[in-house]
Each structure stands twice: as C-alpha cells, then as structure tokens.
Amino acid sequence: MDNISNQFHSNQLVGEIKEVMLDAEALLAATIDTGDKKLAEVRAKSEKSISRVRARLDGLQTEILLSAKAATKATDAYVHENPWRAMGFAASIGIVIGLLIGRR
C-alpha cells in the first residue's frame with residue numbers, strides 16, 4: 001500500500017514540475033523580444049536546463065509507470081495465491097469504513 005502511495009506522490013510531483021517548466025518556458029518566450037545580451041545568455045542557459053530536466057522527467061515517469069505495473073502484477077499474484085486472506089482483508093476494510101460512515 002505504501003508503494004502505491006509513493007507512486008501517486010511521485011506522479012503528482014512529476015506533474016507539478018512539468019507545470020513549473022511550462023511556466024518557465026512561457027516566461028522565456030515572453031522575453032524573447034528583449035535585446036539585452038545578458039538576458040539572451042540567461043535565456044539560452046535556461047532553455048538548456050529545461051531540456052535536460054524534461055528528459056529526466058520523461059525517464060522518471062516511465063520508471064513510475066513500470067513500477068506501478070510491477071506492483072499491480074504482484075498484487076494480482078498475491079490475491080490469486082491467497083484468495084481467503086485477500087477477501088478477509090477487503091471485508092475488514094469494508095467493516096471499518098462502514099463503522100466510520102455509520103457514526104455520522
């Protein structure tokens with residue numbers, strides 16, 4: 001369960017970083033008409049950094065997807081090998097949720 005939570009948070013983080021990168025790219029595009037030499041150097045350096053980070057994020061996203069698939073397969077195998085335990089666990093969770101909802 002903890003592995004799934006970590007994957008979810010990792011996926012959220014990747015999405016947030018991509019959003020920041022889009023904002024940075026928009027900022028770079030907005031300053032393209034500025035003729036200052038120093039700003040052009042900073043813009044070029046920023047574009048290289050954004051490209052490098054984008055490539056790393058794509059690799060990270062692929063790793064997260066592969067890890068999620070592996071966790072899904074492991075869970076499926078466990079449920080098939082231990083059906084009564086899985087049903088007991090699911091029933092226990094259902095009872096706890098039912099008790100929590102019933103308190104309202």
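The dialogue below goes through these features one by one.

Mentor: This is a predicted model, where local features need pLDDT of at least 70, side-chain atom pairs count only at pLDDT 80 or more, and totals for chains, interfaces and linings use all residues. Residues are numbered from 1 along each chain as its sequence is written, and side-chain values use heavy atoms, with hydrogens and water left out.

Trainee: How do the axes of helix α2 and α3 cross?

Mentor: Two packed helices are described by the angle between their axes and the distance between the axes. Here the axes of α2 (residues 37-81) and α3 come within 5 Å and cross at roughly 105°. The two helices are therefore roughly perpendicular (65 to 115 degrees). Tyr78, Val79, His80 and Glu81 in α2 meet Pro83, Arg85 and Ala86 in α3 (contact: heavy atoms within 4.5 Å).

Trainee: How many salt bridges does a search of the whole structure find?

Mentor: A salt bridge is a side-chain nitrogen of Lys or Arg within 4 Å of a carboxyl oxygen of Asp or Glu. The search finds two. Arg54 pairs with Glu25, with the closest N and O atoms 2.6 Å apart. That pair links helix α2 to helix α1, 29 residues apart. Lys18 pairs with Asp58 at 3.7 Å between the closest N and O atoms. Lys18 is in helix α1 (residues 2-30) and Asp58 in helix α2, 40 residues apart.

Trainee: Is Ile101 buried or exposed, and why?

Mentor: Buried means under 20% relative accessible area, exposed over 50%, partly exposed in between (1.4 Å probe, protein chains only). Ile101 counts as exposed because its relative accessibility is 58%. Ile101 lies in helix α3 (residues 83-102).

Note on methods
Helices (H or I, at least four residues) and strands (E, at least two) are DSSP runs, numbered from the N terminus. Axes are lines fitted to C-alpha atoms, for helices over the stretch in contact, and angles run from 0 to 180 degrees between N-to-C directions. Angles under 35 degrees count as roughly parallel, over 145 as roughly antiparallel, 65 to 115 as roughly perpendicular and the rest as oblique.
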